Amino acid sequence: MTTLLVASTGGHLAELHDLAPRLGVQDDCVWATFDSGQSRSLLDGQEVIHVPPATTRDAVGALRDLLAARRVLGGGRFRQVISTGASVAMSFFLPAVRHGLACHYIESATRTEGPSLTGRLVARMPRTQLYTQYPGWAAGRWTYGGSIFDTYVATRRVTPRPVSRIVVALGTHDRFGFPRLLRRLVDVLPPEAEVLWQVGSTVVAGMPVGARREVPYAEMRQAMREADIVVTHAGVGSALAAMRAGHRAVYVPRRRRHGEHVDDHQVEMARELDRRGLVLAREADEITVDDLAEAASWTVGASGAPAPFRWTA
């Protein structure tokens, strides 16, 4: 029978999409996610079930997903459910467990030191297999399966690129803007540079010309390929997109104390990827022109085929 792959759009879907070839289920799988430009582009040609969108700690959205999950899982088609989160994982695991299906939860790579709220909730459910992407906190029921970043390597360019074409990606979250970073970039980016501004819900005085709330996924992907540098908030989906396009991005974490996210998991993510040399982690208020030039001096690529994810089928 078929495997159901479940994830919210954004970084969670990007992770699961990258991991899917390593799970050994691609020949017989169906996706359940939200309807967006990203999901339509990434999953083009695959069978997809669109479920109601749910945002961060959105009880109403999670309930709608639970009702959708009951309908999807009630027909007996699926033998197991695999998810990278977020709340949609819990919505699907609850009826999946009741139907006796195997459930596998792979914690997001953003969680470098321990599980997320969704991970902690899922861990209370019986017969659910739990996986971390960091061996440092694998313990008890949590086992290390591998990382989405396993094969990426940064290499210094022989000739640095000019800082003339820039992609700025601040995320598209409705509840959390990133005005600190936007204000800094308005001051720091070269005035003659060609900039694609994707600012989400962020609004500041003196908005840059051409700022857009959201850029279609395919357009953003192409723009990153053509850019000299990428500056992005420290989301895992943004990191993956930049690395796939060959960039060591200037990678800026949102901070909880500034009301930019619910916690500081982006700080942990920035530290981890900076340690690996895959991003140039900087605080929003500290980005300099020299940082832009340094980012343009590197490229990122895959070093080889990744090993299969170590999971319990």
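Visitor: How many salt bridges does the count come to?

Guide: This is a predicted model, in which local features need pLDDT of at least 70 and side-chain atom pairs count only at pLDDT 80 or more, whereas totals for chains, interfaces and linings use all residues. Residues are numbered from 1 along each chain as its sequence is written, and side-chain values use heavy atoms, with hydrogens and water left out. A salt bridge is a side-chain nitrogen of Lys or Arg within 4 Å of a carboxyl oxygen of Asp or Glu. By this rule, the count of salt bridges is 15.

Visitor: How many residues apart in sequence are the parts that E47 and R77 tie together?

Guide: E47 and R77 form a salt bridge whose closest N and O atoms are 2.8 Å apart. Helices (H or I, at least four residues) and strands (E, at least two) are DSSP runs, numbered from the N terminus. E47 lies in the loop between α2 (37-42) and β3 (48-50), and R77 in the loop between α3 (59-73) and β4 (78-85), so the parts tied together are separated in sequence by 30 residues.

Visitor: Which residue is linked with R161 and D228 in a network of salt bridges?

Guide: R161 forms a salt bridge with D228, with 3.2 Å between the closest N and O atoms. R161 lies in the loop between β8 (152-156) and β9 (165-169) and D228 in the loop between α7 (217-226) and β11, so the pair ties together parts 67 residues apart in sequence. The network that links R161 and D228 also contains R165.

Visitor: Is D228 buried or exposed?

Guide: Accessible areas come from the Shrake-Rupley method with a 1.4 Å probe, and for residues only the protein chains shown count as cover. Buried means under 20% relative accessible area, exposed over 50%, and partly exposed in between (1.4 Å probe, protein chains only). R161 has a relative accessible area of 24% and is partly exposed. With a relative accessible area of 3%, D228 is buried.

Visitor: Which residues are in contact with E272, leaving aside its neighbours within four places in sequence?

Guide: E272 is placed in helix α9, and its relative accessible area of 11% makes it buried. Contact means heavy atoms within 4.5 Å. Leaving aside neighbours within four places in sequence, the residues in contact with E272 are T112 and Y134.

Visitor: Which elements do the buried residues of α9 pack against?

Guide: The buried residues of α9 are H265, Q266, V267, M269, A270, E272 and L273. They pack against β11 (229-233), α8 (236-244), β12 and β13 (280-281).

Visitor: How far apart in space are R276 and A154, C-alpha to C-alpha?

Guide: R276 lies in the loop between α9 and β13, and at 30% relative accessibility it counts as partly exposed. Leaving aside neighbours within four places in sequence, R276 is in contact with S147, F149 and D150. R276 and A154 are 122 residues apart in sequence, and their C-alpha to C-alpha distance is 8.6 Å.

Visitor: Which residues gather in a patch of positive charge on the surface?

Guide: Patches are made of residues with over 30% relative accessible area and no salt bridge, with like charges joined within 9 Å and nonpolar side chains (Val, Leu, Ile, Met, Phe, Trp, Tyr) within 5 Å. Lys and Arg count as positive and Asp and Glu as negative, while His and the chain ends are not counted; the place of a charge is taken as NZ of Lys, CZ of Arg, CG of Asp or CD of Glu. R256, in the loop between β12 (250-252) and α9 (265-275), counts as exposed at 54% relative accessibility. The positive patch consists of R57, R120, R124, R175 and R256.
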